[in-house]
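Reader: Could you take me through the charged pairs in this model, and then the parts of the fold around them? I'd like a close look, with the cut-offs spelled out as you go.

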Amino acid sequence: MRLWVVVPAYNEAASIGATLRALREQRDRDFTVLVVDNASTDGTAEVARAFGAEVVHEARKGTGAASDTGMRHAIANGATHLARTDADCLPRADWTANIRRAFDDGLELVGGKLRARTDEFPLKLWERRLIPAVVETAAFFGKVRPSNRSPDYRGPYVMMPGATIAITADLYERSGGFPRTAIEEQHEDRELVNRVRRLTGAYGSRRDVVVFGSVRRLRAYGLIRTLAWYIDHHYKPETIDIR
């Protein structure tokens with residue numbers, strides 16, 4: 001198994017160091033880190049290189065486009081398995097080890113759990129409990145969303161956040177991978193899951209594949225607007241890239 005971890009990044013010079021440090025501190029360190037600089041105007045690429053990450057560039061805006069570029073670069077350079085996290089997230093120390101275990105158990109697409117970071121802002125107890133509830137609410141709406149329900153799918157819809165997802169290189173290519181879109185156009189993680197569901201039932205979410213995600217969008221939008229954003233972009237903010 002030749003595992004690569006792809007990290008799409010746009011203007012994340014201030015935060016990507018923490019992400020790369022968390023990857024460097026993984027218990028299973030047998031993987032290659034690839035940062036996809038999505039036309040940043042700050043020092044994102046330089047910070048990534050300082051941490052020893054490989055860097056490629058993608059000029060087309062969007063986490064989907066950047067992630068796809070990274071995944072295909074990894075495959076072209078020998079990756080057999082691919083994982084993705086985001087540049088404002090902290091994978092738990094056993095993240096790559098548990099991804100590897102999930103692949104060994106026969107899964108071809110692996111989702112994980114997204115939990116709130118507590119190092120960015122002081123979170124009240126109710127906020128810590130509320131944020132997982134927001135994720136579960138989004139997952140529920142995903143299950144009942146009409147476009148996620150079709151006899152063409154080989155298994156039920158499972159929400160897999162792009163910040164904690166992994167896939168075999170073979171399935172990535174067969175499914176078509178992430179759509180080359182921006183997040184305000186399409187939730188690329190949802191589309192990848194549905195592309196895979198048309199091909200195989202060998203996918204699932206694992207509770208031990210944990211990443212701690214930034215709460216900056218929740219702080220910027222508020223609870224109701226954040227839910228509306230994730231549930232099919234019913235809320236369309238003026239500022240998409242929250243920093």
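**Charged pairs and their surroundings**

Author: Let's start with aspartate 170, which is partly exposed at a relative accessible area of 45%. On that scale, buried is under 20% relative accessible area, exposed is over 50% and partly exposed is in between, using a 1.4 Å probe and protein chains only. Before going on, a word on the model: it is predicted, so local features need pLDDT of at least 70 and side-chain atom pairs count only at pLDDT 80 or more, while totals for chains, interfaces and linings use all residues. Residues are numbered from 1 along each chain as its sequence is written, and side-chain values use heavy atoms, with hydrogens and water left out.

Aspartate 170 has a salt-bridge partner in arginine 174, with 2.8 Å between the closest N and O atoms. A salt bridge here is a side-chain nitrogen of Lys or Arg within 4 Å of a carboxyl oxygen of Asp or Glu. The two residues sit four apart in helix α6 (residues 169–175), about one turn of the helix. The spacing makes sense, because an α-helix has 3.6 residues a turn and residues three or four places apart point the same way. Arginine 174 is partly exposed too, at 44% relative accessibility.

Salt bridges with shared partners also link Glu58, Asp68, Arg72 and Arg180 into one network. Within it, arginine 72 bridges to aspartate 68, the closest N and O atoms lying 2.8 Å apart. Both belong to helix α3 (residues 63–76), and because they are four residues apart, about one helical turn separates them. In total, the structure holds twelve salt bridges.

One of them reaches across the sequence. Arginine 206 bridges to aspartate 105, with 3.0 Å between the closest N and O atoms. Arginine 206 is in strand β8 (residues 203–213) and aspartate 105 is in the loop between α4 (95–104) and β6 (109–116), so this pair ties together parts that are 101 residues apart in sequence. Aspartate 105 counts as exposed, at 52% relative accessibility. Glycine 106, which follows α4, has a positive phi near 110 degrees.

Back in α3, serine 67 is buried, with a relative accessible area of 0%. Setting aside neighbours within four places in sequence, serine 67 is in contact with Val6, Pro8, Arg84, Tyr172 and Phe178, contact meaning heavy atoms within 4.5 Å. Threonine 181 and threonine 63 are 118 residues apart in sequence, yet 7.0 Å apart in space, C-alpha to C-alpha. Beyond neighbours within four places in sequence, the contacts of threonine 181 include Lys61, Gly62, Thr63 and Gly64.

Now the sheet. Eight strands make up an open sheet with mixed pairing, in the order β3-β2-β1-β4-β7-β6-β8-β5. At its edges stand β3 (54–57) and β5 (90–91), each with a single partner strand, so one side of each has no neighbour in the sheet. Two strands count as paired if DSSP finds at least two bridges between them. Strand β2 (residues 31–37) pairs with β3 in the parallel sense over four bridges, and valine 36 stands opposite valine 56 in β3.

Last, the stretch after β1. Asparagine 11 is in the loop between β1 (3–9) and α1 (16–24) and is buried, at 18% relative accessible area. A polar atom of the asparagine 11 side chain lies 2.6 Å from the backbone nitrogen of threonine 41. Then comes α1, where Ile16, Gly17, Thr19, Leu20, Ala22 and Leu23 are buried. The cover over the buried residues of α1 includes β1, β2, α2 (44–50), β5 and α4.

Conventions:
A polar contact is a pair of N or O atoms within 3.5 Å; within protein, one must be able to donate a hydrogen and the other to accept it, and residues adjacent in sequence count only if both atoms are side-chain atoms.
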